[in-house]
Amino acid sequence: MPRPGFVLDVDRSTPPILFHHGESFRLEKLPAGRSRVIYPAEPLAALDDVDAAIRDALERPLGDSEPLHALLRPGMKLTICFDDISLPLPPMRRPDVRQRIIEAVLDQAAAAGVDDVHLIAALALHRRMTEAELRHAVGDRVYDAFAPHGLLYNHDAEDPENLAFLGTTPQGEEVEINKRAAESDLIVYVNINLVSMDGGWKSTATGLASYRSLRHHHNVKTMRHSRSFMDRHASELHSSNWRMGEVLKGAGVKIFQIESTLNNDTFGTSGPMSVLQKREWEWSGRDRASFIAMKAGLDRMPMGARRKIFQSWKAPYGVTSVCAGEVDAVHEVITQNTFAQQLVPVEGQTDILTMGLPYICPYNVNSVMNPILVMCLGLGYFFNLYRGQPLVREGGVLIMSHPTPWEFHPVHHPSYIDFFEQVLADTTDPAEIEARYEKQYAEDEWYRHLYRTSYAYHGVHPFYMWYWGCHGLAHLGKVIVVGGEARSVRRLGFTPASTLDDALEMASDVVGRDATMTHLHNPPIVMADVT
Amino acid sequence: VKALVVKRKPARFAAAMVAGRFAPGAGAKVGPLSLRDVDPPEPPTDEWVRVRPRLAGICGSDLATIDGASSPWFEPIVSFPFTPGHEVVGELDDGSRVVVVPVLACATRGIDPPCAPCAAGDLNRCERVAFGHLEPGLQCGFCESTGGGWSTAMVAHPTQLLPVPEELSDEAAVMVEPTACAVHAAAGVDAGSVAVIGAGTLGLLTITALRDRHQGIDITATAKHPHQRRLAADLGADRVVAPGELERAVRGATGSMRLTNGQLTGGVPAVVDCVGSEASLGQALRVAAPGGTVHVVGMPGVTTIDLTPLWQREVALRGAYAYRREDFDAALDLVPARDLGRLVSATYPLARYEDAIAHAASAGARGAVKIAFDLRSERERNHL
C-alpha cells in the first residue's frame with residue numbers, strides 16, 4: 001500500500017533535504033523549528049492490464065456518449081489528436097500510453113471500416129515533434145502506417161488554409177482550430193493528464209488552436225485570475241477553454257475524449273535515480289553513497305554531457321486510469337484520479353517557499369532549460385501547484401534553486417533569445433511586455449517560418465511563459481535564485497544568492513528573521529491542498 | 001606656456017603603438033606626447049587672437065594619435081610639433097568665453113578666393129588644409145601654427161570663434177564641438193530607422209542629434225556598459241542592446257529573415273558607426289538593409305573588412321567628418337536643451353595627463369563618458 005504524501009516538520013534530527021538543481025542536486029539543511037517539507041505520495045499501484053483498461057474505457061464511456069465502436073462507420077472522417085512532446089515529464093518508457101490508446105482506437109476504426117483517418121500532434125504553438133519523438137509517442141507501427149502517407153503530422157497553427165473559424169464565445173473569444181479536426185465526423189482526443197491542468201476542453205480548444213484563438217486565454221489578465229491554473233474551477237484559463245468548448249459543441253464538432261493518468265514513479269525503484277524518490281531519513285548507506293557518487297560525477301561533467309544523460313531518462317511511469325467518452329464527464333473523474341496521486345493537505349501558508357527546480361519542464365524536452373523556462377517552471381508551474389490558496393503568503397519570498405545558465409537552444413527557442421536580450425532588458429512587467437511587444441513577436445515572419453518549417457516554438461511562446469508566472473510575480477514580495485548565473489537571474493528581475501543561507505538572509509529583509517519556511521519536495525509531482 | 005606637445009619621433013610612435021595595443025591610452029607614458037614649457041604660438045596675422053583654454057576635451061582621434069594608431073593618411077595634413085586639443089572652450093583677452101571651431105579651412109589660411117567646398121560652406125571638406133600661411137593641419141590641435149586646447153594658450157582666427165552664452169557652463173560649452181560633429185552626422189541620415197553603433201561620447205551625441213532632427217525616427221543603439229545604456233535611452237534611443245545583440249535586435253525591429261549563418265536578409269536603411277573599428281564596420285554592413293547607407297562617424301583606421309555585403313546589397317559607405325559652421329549653431333542650442341554638460345565625467349590638470357589619457361581610453365568601462373583637461377587653475381595660464 002503506497003504511503004500518502006505528507007508534511008514533515010523539520011527538527012534538529014532532520015537530515016539535509018534534497019533540492020533538484022537543474023542537471024544536478026543540492027542537499028540543504030533547513031532551519032529547525034520553523035521549516036516543513038511537503039513530500040509527494042508514493043506511486044499509486046499501476047493498472048495490471050493497461051490494454052484491457054483501455055478497451056473497457058472505449059466500451060463503457062462516461063457521460064453522454066456512445067461507445068467508440070458505435071461512433072465509427074465506413075466513409076466517415078476520423079481524426080485522432082494526441083498530446084505532444086510536453087507530456088509526460090520526463091517522457092515515459094515505451095510503450096507510451098498514447099501509443100496503447102491510439103492502437104486500440106485504430107483497431108476499432110479498422111474493424112468498423114473507417115479508412116479516412118488522420119493523426120495530429122496537438123501542439124498548439126509548441127515546436128513540431130521530430131520523427132523520433134512522434135515514433136516514441138505513437139509507436140513505430142502507427143508511425144509507419146500513417147506518416148509516410150502524410151496522415152500523421154504536427155498541427156500547424158499558422159497555416160491559414162488548414163484552420164477553421166467556428167465562432168466566438170459570449171465574451172468575444174474567437175474559436176479557431178485545425179480545419180481537418182473541425183471538419184471531421186469525429187475527433188478522438190488522446191490525453192496524458194500529468195497534472196490537473198491538463199485535459200478537458202483545454203485539449204481541443206488549446207492544443208488544436210491558432211494564435212488568434214489562443215490569445216484570448218493565454219494573456220496576463222487571464223493568468224492573473226487563474227488561482228491556480230491547476231484548479232480547474234478557480235482557473236480563468238479553464239473557464240475560457242470551457243466557453244470555447246461550448247462553441248465547438250455548437251458548431252457540431254464531435255469529440256470522443258480519452259484521458260489517462262500516470263502514477264508518481266518518476267525515477268524508479270532501482271538504479272541511482274531511485275534515491276530521488278525516497279525520503280531522506282530513509283536513505284540507506286547505499287543510497288547515500290550512490291547519491292554522492294552521482295552528484296560528484298555530474299558536477300565534474302561538462303554541461304552537454306550532463307544534459308544528455310538527464311534528457312535520455314525515460315520514466316517508468318505506471319498507468320493508473322483511463323477514461324473515455326464525453327469531455328466533461330471524463331475530465332471530472334480523471335482530475336480526481338490525478339489529485340489522488342498528487343494532492344497533499346497542507347495547513348496554512350508560509351512566509352518562504354523553497355523549491356529545487358529540475359532539469360526539465362514542458363518546453364525543454366530534448367532541449368535546453370533556458371532562463372525564461374526557469375521562471376516559468378518556478379513561478380508558473382510549481383508556484384501554482386496548489387488548491388485553495390498559494391503555499392506562500394502574499395508578499396512572501398520564493399527561493400528557487402537552479403543554475404539558470406544564460407543559454408538557449410538556437411533551433412527550439414529563437415524568439416526566447418530575443419525576448420531575453422531585448423524585452424526583459426527593457427521591462428519584466430508582464431502587462432507592459434504584453435502591451436508593447438507581444439504583437440511584434442507573434443506576427444514576426446521569421447519566427448513564423450521557423451515554427452512552421454523547423455523545430456522552433458512560436459514567436460509568441462516566451463511571452464506565454466512569462467504570463468504563466470505573472471500570478472506568482474504579483475503575489476510574491478521577492479524571488480531569489482540559489483546557485484544561478486547572476487546575470488541571468490538579474491535579467492529575470494530576481495535576486496541571485498550563492499547559498500541557501502545567503503538566500504534566507506536576503507529573505508529576512510522581506511519576511512523577518514523568524515519567518516516560516518516550506519519546501520515543496522517536487523518532483524515527483526506533489527500538489528498542495530492549502531487550507 | 002605650458003602645453004602637451006606631440007613631436008615627430010618615430011621611435012616614440014612605435015613604442016606608443018606597442019603599448020597602446022596592450023592597454024589603450026598607455027601610449028601617453030612611452031609615446032610622443034610630453035608636457036613642456038613652450039613659446040606661445042605667434043598669431044599668423046593681426047586678425048588672429050589669443051585664446052586661453054578653460055576646458056579642453058579628449059577625443060577618440062586624440063587617443064589614436066597618442067597610441068600611435070592613426071592612419072598614415074594624416075601624415076601630410078598635420079604638422080609637428082603640435083599641441084592636441086580641438087574640443088575647446090576658452091577665454092579671450094577681453095574675458096569673454098568662446099568655443100573654438102577648430103577646422104582650419106581657407107578663411108583661416110588666408111586663401112582667397114576660397115576653394116569650392118569652403119565657398120559652399122563645407123569647411124570640413126576644405127581642399128587646402130595643407131596650404132596658405134598656416135602649417136598643414138586639418139584642425140587646431142593638429143597644426144603647429146595654432147597650438148591646441150591642451151595648453152594654457154593657443155591662437156584662433158575670428159571666424160573660428162563662437163561666443164558662449166553666459167548661462168552655459170564651461171562643461172556644457174566643451175561639449176559643443178563634439179555635438180556639432182553629431183549634428184552634422186545626423187543631417188546626413190535620411191531614413192525612418194537607424195542603428196547607432198557605439199555609445200561613447202560620439203554615439204550618445206549622435207543619438208541626441210538624430211532624435212532632435214528626425215522626431216519620428218526609430219533608433220536602435222548598441223551600448224556596452226550600464227551607464228551608456230541608461231544615457232542612450234534617455235537621449236532618445238528606442239531600444240538599446242549589447243553590441244553582440246544588434247543583429248537580433250535589427251532583425252526583430254525590421255521583420256527581416258535570418259539565414260543559417262546568422263546573416264540577415266534585410267536590415268535598417270541607415271547605420272551610423274560611431275566606433276570606426278574593424279568589428280563595428282563589419283557589423284554595420286551586416287545590419288544595413290539592401291540599398292542602405294553606412295555612415296562612418298567614428299574615426300576609422302587601416303582595417304580589413306569583407307565588403308561582399310556592400311557589393312551584393314548595394315550598400316553605400318559614407319563618411320561623416322566634422323561639421324559645417326551652422327552645425328555649431330545647432331549644437332549650441334542642443335547642448336543646453338538636452339543638458340549635455342552632464343556627459344563630462346571628470347577633468348584633470350595638465351600635469352596629470354597620463355591619468356587623464358588612461359581614464360579617457362577606458363571611459364566606458366570606468367563609468368565615464370567625456371574626460372577633459374581643466375586649465376582654469378593652471379598657474380601659467382593666469383599669469384599670461
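Predicted model: local features only at pLDDT ≥ 70, side-chain atom pairs only at ≥ 80, totals over all residues.

Colleague: Which residues of chain B lose the most area to chain A?

Modeller: Buried area is the accessible area (1.4 Å probe) that two parts lose on being put together, summed over both. Between chain B and chain A this is about 1,000 Å², with carbon and sulfur atoms giving 44%. Three residues together make up 53% of what the chain B side buries, and they are B:E245, B:R248 and B:R251.

Colleague: Which residue forms a salt bridge with B:R248?

Modeller: A salt bridge here is a side-chain nitrogen of Lys or Arg within 4 Å of a carboxyl oxygen of Asp or Glu. The rule finds three of them across the interface of chain B and chain A. In one, the closest N and O atoms are 2.5 Å apart, and the partner of B:R248 is A:D418.

Colleague: Which helix gives the largest share of the side of chain B that touches chain A?

Modeller: Contact means heavy atoms within 4.5 Å, and it takes 13 residues from chain A and twelve from chain B. Helices are DSSP runs (H or I, at least four residues) and strands are runs of E (at least two), numbered from the N terminus. Five residues on the chain B side come from one helix, spanning residues 246-254, namely α10 of chain B.

Colleague: How much space lies in the largest cavity?

Modeller: On a 1 Å grid over the protein atoms alone, a cavity is a set of points where a 1.4 Å probe fits but cannot get out, while a pocket is an open set with protein on both sides within 12 Å along at least five of seven lines; lining residues have an atom within 4 Å of a point. The count is three cavities of 30 Å³ or more. The largest is lined by 46 residues, with A:L87, A:M197, A:D198, A:P362 and A:Y381 nearest its centre. Its space, filled by probe spheres set on grid points joined across faces, edges and corners, is about 670 Å³.

Colleague: Which helix gives the most to the lining of the second largest cavity?

Modeller: This cavity holds about 70 Å³ of space. Its lining includes A:N337, A:T338, A:Q341 and A:Q342. Four lining residues come from the helix at residues 327-342 of chain A, which is α13.

Colleague: What is the volume of the second largest pocket?

Modeller: Residues from both chains are closest to its centre, among them A:D426, A:Y437 and B:R239. The largest share of its lining, four residues, comes from α16(A). The volume is about 340 Å³.

Colleague: Is the peptide bond from A:L89 to A:P90 cis or trans?

Modeller: Most peptide bonds are trans. A:P90 lies in the loop between β5 (77-82) and α3 (97-111) of chain A. With omega near -15°, the bond from A:L89 to A:P90 is cis.

Note on methods:
Residues numbered from 1 in each chain as written. Chains lettered and ligands numbered in written order. Heavy atoms only, no water.
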